[in-house]
Amino acid sequence: AVLTGKAASEPEVRRMLGQARVIHLATHGRYFSGDPLLSGLILTAPPSERAVDPEADGVLEAAEVLDPA
């Protein structure tokens with residue numbers, strides 16, 4: 001499946017991570033050398049800038065990939 005634009009939301013990418021053997025992402029990212037687990041991929045922003053749900057904040061962080069629970 002190909003996700004583009006608003007379809008490339010964090011919840012949708014997280015859902016697909018659990019189903020795919022290989023995943024290719026073409027997106028921007030951020031890196032925090034002081035705490036690499038906060039580094040992540042920038043995905044589609046949530047509909048509201050006031051979104052407080054860390055699982056749908058538009059950034060798929062390394063910690064979320066390592067512990068998808």
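**View 1. Strands S1 and S2 pair in the antiparallel sense over 3 bridges.** Strand S2 covers residues 40-42. His28 stands opposite Ile42 in S2. Strands count as paired if DSSP finds at least two bridges between them. Strands of a sheet pair through backbone hydrogen bonds, either parallel or antiparallel. This is a predicted model: local features need pLDDT of at least 70, side-chain atom pairs count only at pLDDT 80 or more, and totals for chains, interfaces and linings use all residues. Residues are numbered from 1 along each chain as its sequence is written, and side-chain values use heavy atoms, leaving out hydrogens and water.

**View 2. Three strands form an open sheet in the order S1-S2-S3, with antiparallel pairing.** Strand S1 (28-30) and strand S3 (59-61) stand at the edges. Each has a single partner strand, so one side of each is left without a neighbour in the sheet. The twist averages 25° from one strand to the next. That angle runs between N-to-C directions, on a scale from 0 to 180 degrees, with axes fitted to C-alpha atoms.

**View 3. Glu61 sits in strand S3.** Is Glu61 buried or exposed? Glu61 counts as buried, because its relative accessibility is 16%. Buried means under 20% relative accessible area, exposed over 50%, and partly exposed in between, with a 1.4 Å probe and protein chains only. Glu61 touches Arg30, Leu37, Leu38, Ser39 and Gly40, not counting residues up to four places away in sequence. Contact here means heavy atoms within 4.5 Å. Glu61 and Leu38 are 23 residues apart along the chain, yet their C-alpha atoms are separated by 5.6 Å.

**View 4. Glu64 lies in helix H2, residues 62-66.** Helices are DSSP runs (H or I) of at least four residues; strands (E) need at least two, and numbering starts from the N terminus. Glu64 is buried, with a relative accessible area of 13%. The side chain of Glu64 reaches the backbone nitrogen of Glu61 at 2.8 Å. Leaving aside neighbours within four places in sequence, Glu64 is in contact with Glu10, Arg14, Pro54, Glu55 and Val59.

**View 5. The whole protein has 2 helices and 3 strands.** From the N terminus on, the elements run α-β-β-β-α. Of the 69 residues, 20% count as buried. Among contacts with a separation of 6 or more, 43% come from residues 24 or more positions apart. The accessible surface comes to about 5,300 Å², of which 58% belongs to carbon and sulfur atoms. Accessible areas come from the Shrake-Rupley method with a 1.4 Å probe.

Note on methods:
Polar contact = N/O pair within 3.5 Å; in protein donor to acceptor, adjacent residues only side chain to side chain.
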